[in-house]
Every structure is written in structure tokens, then in C-alpha cells.
Amino acid sequence: MELFNSAFGRNITFVHPEYFTISGLTGIPNIKYYYIFLFFVYIVSVLGNTAVMTIIYLDHNLRTPKYVAVFNLAFVDLLGSSALVPKVIDIFLFNHPNIPYRDCLTFLFFCYICLSMQSFNLVALAYDRLVAIIFPLHYGVKVTHGFMLSLISAFWAFIIVANIITVGLITRLSFCESVVINSYFCDHGQIYRLACNDNYPNYVLSCLYPVLMFWVPLGFILLSYLYIGFTLSKVATVQEGLKAFKTCIGHLLLVAIYFIPLLMTFTLMEKIHPNARIINLSLTSVIPPMLNPIIYVLQTQEIKESLKRLLKIRRKFKITMAKSTVM
């Protein structure tokens with residue numbers, strides 16, 4: 001981060017604290033039960049996303065471009081939950097609210113990367129549905145493994161660079177007074193407001209970040225579904241249109257679960273009570289990763305059939321092993 005701290009070639013000393021203190025939820029009795037709830041949600045998320053990744057890895061029928069994006073979504077959900085929840089449990093259940101300065105920035109970096117990557121994964125899946133429904137004959141040419149891998153790699157690169165800039169700008173801030181972060185993790189918006197020097201670049205970034213990471217992806221997703229609906233209304237019967245849209249239900253549920261609470265939090269950041277903001281954002285961070293694999297297993301016929309095949313193979317293997325043991 002020396003590039004940021006050189007301040008365009010001038011040597012400036014910044015005052016960095018030894019640690020930050022995470023305040024969490026305040027004034028709520030028996031709040032530890034909420035963090036225990038988050039831990040159980042985390043366990044379900046780990047099991048569900050690991051199961052989805054395992055099914056996709058084991059079943060060669062799911063080695064399609066769409067499931068490259070689904071696998072990446074499960075991976076991001078698993079990584080994001082594992083980066084956030086164990087640390088939150090350590091902070092609030094084991095009473096370790098003080099986080100060293102560098103550890104806090106690392107915490108912020110991984111949490112923001114995973115939170116942002118979820119929205120771009122949904123963009124990749126929306127594009128897949130758009131081409132599959134509007135250009136079914138060209139789907140195999142337009143959506144290939146190479147294209148999907150390149151698209152997801154580009155999203156990863158963009159998000160990583162954006163968050164390196166975010167963390168780099170924080171290192172140019174000095175903290176002279178309070179080091180208490182009014183959140184449940186190392187939240188960028190709460191950190192830069194504690195600075196005692198010029199934090200205007202951080203303020204600009206805090207305005208741009210939700211637009212680039214959340215509003216633009218959501219705009220693309222909504223436009224893609226409007227285009228799908230408009231096209232189907234012109235060329236398909238009602239039954240055909242409903243059948244096509246049925247393949248999108250799982251994706252639309254993921255979009256609603258992820259974007260609605262997240263955008264409410266970022267849009268009303270200054271207008272809602274800190275406790276409400278913390279609960280809303282914490283649930284947004286852990287509930288979608290838990291529900292995503294459940295929705296895909298229940299709503300996606302390919303995964304249900306794959307699961308049946310894998311269970312059938314497992315039963316056959318057990319019977320074969322039992323017979324060989326008897327003999």
C-alpha cells in the first residue's frame with residue numbers, strides 16, 4: 001500500500017491505530033443468541049454449498065457453462081461465510097472486540113470481495129438465462145466454457161482491484177480519536193468516518209461502490225428479464241412463456257433475496273438505526289449463502305436428477321461391497 005501512502009510523491013505520515021474496536025449491536029438483551037443463530041446459519045451454508053460444489057464436480061453431466069457460474073457462486077458463498085461468521089463469533093461470543101489494524105483491513109477486503117462477487121455471479125447467471133431463452137439455437141456458440149470462465153475471471157479481477165483501492169485509500173487516513181467501529185465487522189463506511197484528516201476520496205468511493213457493485217449489476221439483471229419478457233410476449237404463447245420463465249424462478253429468487261435487503265441498507269444507511277443496519281447487513285451476508293444451494297437443489301431439475309444419480313451409484317456401491325464381504 002506504499003503507492004497510496006506516498007500521497008502523489010510527497011512523504012506524509014499517517015496516524016494508524018494499533019487496533020480497531022468492533023462495537024456490534026448495543027442495548028439489546030440476550031444478543032448473544034443472535035450470534036449463535038448466525039453460527040447455525042453458517043453451518044447450514046457450509047454444508048449446502050459444499051454439497052452443491054461436490055455434486056457439480058462429481059457429475060460430468062453438469063460440466064456446462066451455466067454450472068461454472070453456479071460452482072463459482074457456491075464457492076463465493078462458502079468463502080464469504082467462512083471469512084465473516086467465525087470472526088464475528090470470535091469477536092462477540094468470545095469477547096475479542098479489538099482487531100489489529102492490518103487484520104481489520106484484511107477482514108474488510110475479503111468480506112467486501114465476497115459480498116460484491118455474489119452480485120456479479122448473478123449477472124453471469126442472468127446472461128446465461130438471457131441467451132438460453134432468446135437465442136436457444138446459438139446458446140452453444142455464445143455461452144461456452146471459455147466465455148464463462150473469462151467472464152467470471154474478469155469479474156474477479158475487477159472486484160479485487162476495486163477493493164485494493166478501497167483498502168489503499170483507508171491506509172491514507174489518520175485516526176486521532178475514536179477507534180470504535182459501529183458495526184459487526186470492519187465496515188468501510190464506519191471506518192473512514194473515524195478519520196481526523198481529509199476523507200473525501202473515501203466518501204466518493206463509498207458513493208460509487210454501491211452503484212458499481214450493486215446497482216449496475218441489478219440494472220443489467222432487470223433489463224435482461226424485461227427483454228426476455230418482451231420477446232416472449234411477441235413470439236411465444238402464454239404456456240410457452242410460462243415454461244421458459246419457469247427455468248428462471250431459482251435465479252429470480254436469488255436476486256430478490258440478495259439485492260432487496262442489501263440495497264435497502266446501503267440506500268438508507270444514514271436514516272435507519274445502527275442496530276437495524278447491523279442486523280439487516282449481517283442477515284444479508286449470511287442468509288443468501290445458506291438459501292442459494294437450497295433454492296438450486298429444489299428449483300433446478302438437473303441438480304435434482306444428478307443428486308438422484310449419485311445416490312443410486314452410492315447405493316449400488318454399498319450393495320456390491322456388502323456382497324463382496326459376504327463372499
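Trainee: How do H8 and H9 run relative to each other, parallel or antiparallel?

Mentor: In this predicted model, H8 and H9 are roughly antiparallel to each other. Their axes cross at roughly 155° and come within 10 Å. That angle is over 145 degrees, so the pair counts as roughly antiparallel.

Trainee: Which residues make up H9, and what is the handedness of its crossing with H8?

Mentor: Helix H9 covers residues 238-246. The crossing in which H8 passes H9 is right-handed.

Trainee: Let us stay with H8. What span should that helix have, and how far apart are its ends?

Mentor: Helix H8 has 36 residues, numbered 200-235, and at 1.5 Å a residue they should span 52 Å. The end C-alpha atoms of H8 are 51 Å apart, which agrees with that expectation.

Trainee: Where is the kink in H8?

Mentor: The kink in H8 is centred on Leu-212 and amounts to about 35°.

Trainee: What about H4 and H8, are they parallel or antiparallel?

Mentor: H4 and H8 are roughly parallel to each other. Their axes cross at roughly 15° and come within 10 Å. The angle is under 35 degrees, so this pair counts as roughly parallel. The crossing of H4 and H8 is left-handed.

Trainee: Which classes of residue form that contact?

Mentor: The contact of H4 with H8 has 21 nonpolar residues, four polar residues and one charged residue.

Trainee: How many charged residues are in the contact of H3 with H4?

Mentor: There are five charged residues in the contact of H3 with H4, along with 15 nonpolar and four polar ones.

Trainee: Another topic: which residues does UniProt annotate as "transmembrane region"?

Mentor: The unreviewed UniProt entry gives that annotation to residues 33-58, 67-85, 105-127, 147-170, 208-228 and 248-266.

Trainee: Take residues 33-58. What is that span in the model, helix or strand?

Mentor: Residues 33-58 are 100% helix and 0% strand, and the end C-alpha atoms of this span lie 38 Å apart.

Trainee: And how far apart are the ends of residues 105-127?

Mentor: The end C-alpha atoms of residues 105-127 are 33 Å apart. This stretch of the chain is 100% helix and 0% strand.

Technical notes:
Residues numbered from 1 in each chain as written. Predicted model: local features only at pLDDT ≥ 70, side-chain atom pairs only at ≥ 80, totals over all residues. Heavy atoms only, no water. Helix = DSSP H or I, 4+ residues; strand = E, 2+ residues; numbered from the N terminus. Expected span 1.5 Å × (residues − 1). Bend = angle between axes of the 7 residues up to and from the residue. Nonpolar A, V, L, I, M, F, W, Y, C, P; charged D, E, K, R; others polar. UniProt positions renumbered as here; feature names shortened; annotations may be inferred. Axes fitted to C-alpha atoms, helices over the stretch in contact; angles between N-to-C directions. Parallel < 35°, antiparallel > 145°, perpendicular 65-115°, else oblique. Left-handed = near helix turned anticlockwise from the far one by under 90°.
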